[in-house]
Amino acid sequence: MKVYRTDEIRNVVLLGHGGSGKTSLAEAMLYVSGATNRMGKISDSNTVSDFDKEEQKRGFSISTTLIPVEWEKAKINILDTPGYFDFVGEVEEAVSAADAAVIVVSGKAGVQVGTEKAWELCDKYNLPRMVYVTEMDVDDASFRQVVADLTERYGKKIAPHFQPIRENEKLVGYINVIKNAARRYTDIGQREECEIPDYCLPNLEILRDSLMEAVAETSDEFMERYFAGEEFSVEEIRAAMRTEVMDGDIVPVAMGSNVQAQGVANLLSDIVRFFPSPDRRSCAGLNRRTNEIFEANYEFSKAKTAYVFKTMVDPFIGKYSFVKVCSGVIKGDDVLYNADSDAEEKPGKIYTMCGNKPSEVTELFAGDIGAIAKLSNTRTGDTLSTKATPVSFARTDFSVPYTYMKYSVKTKGDDDKVSQALAKMMAEDMTLKAVNDSENRQSLLYGMGDQHLEITVSKLASRYKVDVILEMPKVAFRETIRKKSDVDTKYKKQSGGHGQYGHVKMKFEPSGDLETPYIFEEVVVGGAVPKNYFPAVEKGLQDSVVKGPLAGYPVVGVKAILYDGSYHPVDSSEMAFKTATVQAFKKGFMEAGPVLLEPIASLKVTVPDEYTGDVMGDLNKRRGRVLGMNPIAGGKQVIEADIPMTGLFGYCTVLRSMTGGRGTYAYEFARYEQAPSDVQEKEIAARAAEE
């Protein structure tokens with residue numbers, strides 16, 4: 001592929017609900033542009049985008065794929081993203097590198113939750129967008145219904161500029177509303193001019209009027225001409241639309257069929273005509289040397305900088321860092337500096353990727369997207385620049401994973417292999433986290449949902465040949481006391497020669513501080529226990545609070561007072577006093593009203609208004625306490641609640657099914673509270689069974 005200048009580049013992300021046709025659209029774009037000579041099918045597992053074995057097995061995209069196509073003297077970098085919510089991290093990576101978005105909507109399924117989420121992402125990143133309605137070759141597809149639903153949600157900015165021509169419920173052609181001309185499909189991706197059918201004229205008039213009205217609003221001169229009844233030329237309409245699309249005031253709606261490659265050539269032309277080249281977008285970072293703002297703005301004349309927006313680690317072809325060049329021109333023989341890891345990197349070769357197939361290029365201009373192999377000190381989110389002008393760009397804001405499971409290795413001795421494989425997978429996937437929970441002696445895997453975790457386990461097996469088992473994680477309970485106790489414990493052992501003798505009298509009571517395991521005081525008078533044994537008594541307490549006597553959980557909030565005891569001038573030792581203290585603690589703790597404390601999370605659930613009742617009812621079932629509701633933009637509510645951590649298991653799946661995928665949640669640990677007696681009994685019994 002030849003090298004393209006900044007103004008010839010379009011970086012476009014395909015967004016939409018799972019199954020709306022993004023990958024098959026990318027496949028049709030490759031075919032129509034001549035990049036491939038046949039169209040792959042998802043059902044045949046031979047698409048360029050879905051090259052991963054997991055994707056082929058499941059029939060949907062899991063990762064974002066880069067697909068460059070050449071069209072009308074421009075290079076379009078297409079970023080094909082997954083539609084399922086568990087892989088939102090991949091979508092966030094793609095959106096951070098894109099300059100515009102095509103929101104793909106199925107003409108059969110219509111506007112779905114994924115469509116709404118795609119629109120919200122475009123709003124967040126301020127991306128110009130257009131909508132492409134797929135599956136128009138299907139009998140019950142309705143372009144009119146999709147347009148009506150979009151207009152109801154997003155208002156007058158929705159501007160369909162194509163109208164389908166259907167005969168006997170089949171898509172046979174289209175009318176270009178801008179040109180006021182019709183075309184009939186002849187073969188896959190082929191078309192010819194035809195007359196506009198009479199039955200299409202009433203709807204065409206409505207579409208054309210609304211489009212002309214939108215164009216007229218771009219300037220006072222156009223508005224005057226519009227009211228005078230003048231016609232705008234095709235070029236005037238396109239120029240006005242380009243301005244409006246870039247400003248986000250118009251969202252064009254096109255349509256077609258991916259399978260028949262119908263409407264795809266029009267879409268590619270619209271992308272080149274209406275979407276901005278990178279130099280029309282702003283981009284700023286921080287110069288680490290001067291602490292001043294570095295205005296990169298995709299200008300090729302400025303110092304070299306590139307942002308690493310994605311990492312691909314393939315067991316066969318190795319590691320590739322996907323970069324978007326933010327300024328300058330990057331060449332293979334450059335020496336680049338990573339200010340985040342304070343390391344120099346030598347690319348050697350620069351590639352463009354098409355799926356998982358790299359093609360070498362000599363250079364990448366500002367605004368272009370490519371890949372660099374084997375950058376050992378560079379991760380997703382890092383910035384590559386030069387030592388003379390070290391720059392850092394803001395990192396992509398990734399969703400936080402809240403669903404977690406305990407994982408254990410199936411085959412003994414595979415621990416190292418699993419941790420190395422997970423490290424590679426976490427380098428690729430910013431929403432996957434492996435955490436060592438030493439307190440409960442368990443390893444935890446965090447992801448965006450149950451499916452995310454399940455696919456991670458499947459990838460570990462197929463890619464890295466290691467098997468892990470997912471199980472319900474243990475919750476970090478705590479133990480404390482509610483009353484006071486007074487114990488007298490003597491440890492005495494005689495076994496010929498020196499014996500062991502330690503005698504302590506201790507009081508135990510709540511300290512009131514649940515952050516600290518214990519507070520130790522000694523009020524011994526008259527040397528009943530010599531001072532040199534006090535550290536041994538405290539060591540006994542330290543050992544005792546690690547695993548409490550009630551259910552083996554860490555102890556908090558205990559005050560231990562040593563007030564008396566006795567010693568033997570020959571047989572007493574530090575070991576004896578430590579042992580006596582351990583025994584005293586067990587006895588004193590169990591006599592002081594021991595209770596289990598459970599971790600409480602502070603939870604925020606964001607849902608559309610109509611789901612608040614269902615969500616609050618479900619939180620009550622999970623022993624949650626709703627604290628209040630705050631309305632936010634977009635007809636949504638944020639429900640704030642306190643909930644036991646045990647009540648959050650499986651919450652991701654339940655919330656999605658309850659809200660049709662529209663609900664999101666976030667939580668953080670808040671404090672410990674006494675667990676209800678039934679929860680305590682169950683937990684104590686479960687721990688006893690484990691012992």
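The model holds 45 salt bridges, each a side-chain nitrogen of Lys or Arg within 4 Å of a carboxyl oxygen of Asp or Glu. This is a predicted model: local features need pLDDT of at least 70, side-chain atom pairs count only at pLDDT 80 or more, and totals for chains, interfaces and linings use all residues. Residues are numbered from 1 along each chain as its sequence is written, and side-chain values use heavy atoms, with hydrogens and water left out.

**Salt bridges**

- Arg5 pairs with Asp7, and their closest N and O atoms are 3.3 Å apart.
- Arg5 is partly exposed at 43% relative accessibility. Buried means under 20% relative accessible area, exposed means over 50%, and partly exposed lies in between (1.4 Å probe, protein chains only).
- Asp7 is also partly exposed, at 37%.
- Glu8 forms a salt bridge with Arg5 too, with the closest N and O atoms 3.4 Å apart. Glu8 counts as buried, at 16%.
- Arg281 forms a salt bridge with Asp99, and here the closest N and O atoms are 4.0 Å apart.
- Arg281 lies in the loop between helix 9 (264–274) and strand 12 (284–287), and Asp99 in the loop between helix 3 and strand 4 (100–106), so this pair ties together parts that are 182 residues apart in sequence. Helices (H or I, at least four residues) and strands (E, at least two) are DSSP runs, numbered from the N terminus.
- Arg281 is buried at 19% relative accessibility, and Asp99 is buried at 1%.
- Glu54, Lys57, Arg58 and Glu454 are linked in a salt-bridge network.

**Aromatic rings**

- The count is 21 aromatic pairs. Rings of Phe, Tyr and Trp (its six-membered ring) pair if their centres lie within 6.5 Å; planes under 30 degrees apart count as stacked, over 60 as edge-to-face and the rest as tilted.
- Phe60 and Phe87 make a tilted pair, at 6.4 Å centre to centre with 35° between the planes.
- Phe60 lies in the loop between helix 2 (53–58) and strand 2 (65–71), and Phe87 in the loop between strand 3 (74–80) and helix 3 (88–97), so the pair ties together parts 27 residues apart in sequence.
- Phe60 is buried, with a relative accessible area of 13%. Phe87 is buried at 4%.
- Phe508 and Phe585 pair edge-to-face, at 5.7 Å centre to centre with 85° between the planes.
- Phe508 sits in strand 31 (residues 500–510) and Phe585 in helix 13 (residues 574–591), so this pair ties together parts 77 residues apart in sequence. Both Phe508 and Phe585 are buried.
- Tyr402, Tyr651, Tyr665 and Tyr667 form one aromatic cluster.

**Charges over rings**

- The charged end of Lys117 sits over the ring of Phe85, 5.1 Å from its centre. The rule asks for NZ of Lys or CZ of Arg within 6 Å of the ring centre and within 35 degrees of the ring normal.
- Arg129 lies over the face of Trp119, 4.7 Å from the ring centre.

**The largest pocket**

- The largest pocket has a volume of about 1400 Å³. A pocket is an open set of points on a 1 Å grid over the protein atoms alone, where a 1.4 Å probe fits, with protein on both sides within 12 Å along at least five of seven lines; lining residues have an atom within 4 Å of a point. Grid points are joined across faces, edges and corners, and a volume is the space filled by probe spheres set on the points.
- Its lining has 48 residues, and Lys117, Glu120, Ser399, Lys636 and Thr664 are the closest to its centre.
- Helix 4 gives the most to this lining, with 9 residues.
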